Protein chains: 2
Amino acid sequence: MLIHSSSQLLTLAGGPQRGHALGSLGIIEKGAVLVRDEKILAVGTTDELKAAYPDEPTLDAGGCVVMPGFVDPHTHLIWAGDRANEFEMKMGGMAYLDILAAGGGIISTVKATRTASLEMLIAQTRPRILRMFAHGTTTAEAKTGYGLQTATELRLLKALLALDDESPLDLAITFLGAHAIAPEYKENPQGYVDEVSNTMLPMLKSWWETHAPRLPLPFVDVFCENKAFDLAQSRQILTKAKELGFPLKIHADEFDNLGGASLAAELGAASADHLVKTSDADILALAKSDTVAVSLPCTPFGLAECQYTPAKKIIEADAFLALATDCNPGTTWNESMQFVIALACRAMKLTPAQAIAASTINSAHAIRRADSIGSIEAGKDADILILSVPDYRQLGYRYGTNLVKQVIKRGRVYSVDMGYYRTA
Amino acid sequence: MLIHSSSQLLTLAGGPQRGHALGSLGIIEKGAVLVRDEKILAVGTTDELKAAYPDEPTLDAGGCVVMPGFVDPHTHLIWAGDRANEFEMKMGGMAYLDILAAGGGIISTVKATRTASLEMLIAQTRPRILRMFAHGTTTAEAKTGYGLQTATELRLLKALLALDDESPLDLAITFLGAHAIAPEYKENPQGYVDEVSNTMLPMLKSWWETHAPRLPLPFVDVFCENKAFDLAQSRQILTKAKELGFPLKIHADEFDNLGGASLAAELGAASADHLVKTSDADILALAKSDTVAVSLPCTPFGLAECQYTPAKKIIEADAFLALATDCNPGTTWNESMQFVIALACRAMKLTPAQAIAASTINSAHAIRRADSIGSIEAGKDADILILSVPDYRQLGYRYGTNLVKQVIKRGRVYSVDMGYYRTA
């Protein structure tokens with residue numbers, strides 16, 4: 001199949017983009033992509049590819065932008081229940097501690113998730129995956145972490161594997177047993193750290209090798225913040241995970257600067273995420289490493305806070321910057337990477353081109369899949385979007401609605417309906 | 001047709017909501033609405049209405065929230081071209097005056113609009129109306145104002161009348177010839193004020209009586225700001241419009257406090273809109289009047305600015321507060337009232353209930369249609385939404401995607417596809 005456009009084809013070719021290289025879209029005007037089976041076979045101008053493959057069936061994108069599918073490298077998309085009532089209390093002016101006392105906060109989601117069956121977890125997560133895909137996300141990272149006990153964490157993994165199997169979207173799975181101190185260990189947090197390190201991680205490894213033998217090991221992630229895991233505890237868990245061969249991620253500097261980003265760089269983590277209160281030294285450590293700085297602007301937006309990731313400093317320091325939704329029930333329930341782009345432009349003053357690169361090739365690098373996804377290049381998976389707009393800069397400029405018209409995942413074409421039809 | 005839900009039916013019954021009354025949703029648990037032809041005939045619990053109308057065909061909303069359609073009382077939805085390049089320059093750090101020098105700003109849209117044919121204007125505006133409707137807006141105000149000369153302004157009116165006719169959504173049309181000083185009058189702004197007052201408005205009246213004899217007169221609106229129309233000029237135009245029998249609106253206090261809101265209250269305008277730099281005296285004047293304070297939070301958001309309408313003060317003062325998109329090509333291209341609600345909660349600390357009332361019954365009052373739309377009450381138009389969520393508080397809590405599942409406009413049912421389907 002030859003997909004061709006009379007507008008811009010954004011290739012994002014050339015690998016992950018460090019520092020000021022961010023925003024290199026590799027635009028081919030009137031570009032075309034040759035897709036065979038699940039892969040991209042050739043990329044060029046429409047004229048070139050039509051001449052080279054005259055008998056190929058075509059998909060005419062008309063005057064619409066063609067670009068790689070979005071890669072969302074940080075989501076907590078599997079949970080049970082919701083916290084809409086907590087949001088209302090918060091907007092009504094109730095203090096956080098009072099909300100906790102009223103049964104709010106992460107532990108309320110943990111309770112709902114622990115009591116949900118595998119089938120319920122899959123059923124409640126499926127529509128979120130559908131929304132992500134309909135908004136152009138062709139690969140998403142997905143974390144466990146609302147179990148905080150072995151049985152539930154494994155049920156979450158099982159559900160994620162099933163959802164990865166059934167969905168057109170690909171999932172990159174992360175084990176986040178260290179999302180919060182489990183309520184059972186409230187008086188003995190180090191006990192939970194030891195449980196994660198010494199019991200859960202080894203068990204996870206053998207479980208994974210039995211249940212998902214053909215997949216690479218999942219990421220292991222830690223929430224490194226005050227009232228969660230301190231730097232020493234984060235180091236203990238991540239070091240053990242590294243010894244066992246797991247690739248690493250970290251939540252750092254959402255509320256406090258504990259040094260988690262530097263730890264991530266030191267241990268060779270794939271990414272350090274949130275990065276709001278990040279110090280200059282941390283940014284320098286990231287810049288000297290291959291660890292991607294993942295900014296989650298929807299989190300402060302969702303919480304109605306004003307401080308965002310110092311994205312310009314990260315670019316200036318020559319680090320890799322990526323964007324993600326952080327979709328979760330507590331701070332930001334938004335599935336759309338298009339909104340992340342629009343917000344990143346405004347809140348962190350990225351250009352649309354920078355935000356697009358941070359949502360495709362760089363976010364692919366944040367889940368260590370930049371060799372197979374994140375750009376339109378020969379040999380990569382045919383994960384491609386056709387937008388309903390004639391210029392890439394409409395991403396960012398426009399917001400609040402879905403600008404994706406068609407999603408192509410591994411060569412299969414899905415139409416996204418933004419419209420309506422009369423039924424009665 | 002009997003629409004019934006096992007979840008919440010939000011009626012918003014009881015008329016426009018002043019001050020702290022804002023947020024009275026009039027919830028009926030397991031509610032139902034009886035719709036006959038285009039109107040609402042009865043409202044009650046499902047049990048009551050099923051008993052009273054046992055043979056009525058039903059539309060089962062399941063566990064989904066049922067509520068009135070959104071009324072968007074402030075949009076500039078008709079224009080030609082776009083300003084995506086200007087957005088990129090702005091995010092890249094270019095100063096506003098340099099953008100103007102590079103051909104940006106409102107005058108670039110005026111140029112594109114003046115050269116667009118009636119057919120082009122209709123074709124470019126149609127997809128925006130479709131997006132609005134698919135996101136639950138069943139009635140929208142729509143302003144002219146990118147013509148700034150009689151011929152183009154009349155072409156815009158003609159296009160809006162045609163779009164009103166062809167669309168399921170209803171339009172409430174506003175004449176905004178006084179959107180900016182026309183470029184021809186750059187050196188003689190008062191000359192343009194006189195032209196609008198003495199030539200355009202009388203002509204508009206006779207034109208309307210010929211072209212839309214069955215419709216009420218459109219609103220007349222003025223952009224009362226420095227570098228646009230000062231208070232005296234705004235008064236001149238609005239007073240003339242009032243003499244001719246037009247209902248009034250005003251743009252006030254987006255950038256500067258010139259007293260436009262008090263002028264609106266004095267003249268009995270239907271609404272005063274923007275209201276960011278509004279003084280306490282202006283708020284008091286609004287509170288003593290029937291003029292609705294329309295907040296447009298997407299405008300500062302779109303411009304990446306931090307100051308929003310003092311919504312809490314407006315509520316405290318006992319005025320009417322409404323919300324609108326302000327959808328336009330320069331500052332905020334967003335068609336979704338759902339996003340306005342989510343943003344209003346965060347940026348102005350409204351509760352979801354307050355933001356919903358400000359987007360239905362109060363926004364209906366801002367276009368003086370609260371007698372026929374904006375709530376689910378017997379005798380009103382059957383403009384009804386079925387959301388894909390089980391609790392109204394998910395509006396606000398969730399954002400970035402479309403939570404509307406079905407739109408019922410004057411009794412006709414439209415399904416909104418958020419999903420995708422494989423086509424190849």
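Let me start with the contact between the two chains. In this predicted model, 58 residues of chain A touch 59 residues of chain B. The size of an interface is often given as the accessible area lost when the parts come together. Here chain A and chain B bury about 5,800 Å² between them, and 59% of that lies on carbon and sulfur atoms.

Which elements of chain A supply at least two residues each to the side that touches chain B? Among them are helix 2 (84–91), helix 5 (118–134), helix 11 (298–302) and helix 13 (337–348).

Now a sheet within chain A. Four strands form an open sheet in the order 5-4-1-6, with mixed pairing. Strand 5 (39–45) and strand 6 (58–60) stand at the edges. Each has a single partner strand, so one side of each is left without a neighbour in the sheet. From one strand to the next, the twist averages 20°.

Inside that order, strand 1 (residues 2–4) and strand 4 (residues 31–36) of chain A pair in the antiparallel sense, over three bridges. As for individual residues, Ile3(A) has Val33(A) in strand 4 as its bridge partner.

Technical notes: Residues numbered from 1 in each chain as written. Chains lettered and ligands numbered in written order. Predicted model: local features only at pLDDT ≥ 70, side-chain atom pairs only at ≥ 80, totals over all residues. Heavy atoms only, no water. Contact = heavy atoms within 4.5 Å. Buried area = accessible area lost by both parts, 1.4 Å probe. Pairing = 2+ DSSP bridges. Axes fitted to C-alpha atoms, helices over the stretch in contact; angles between N-to-C directions.
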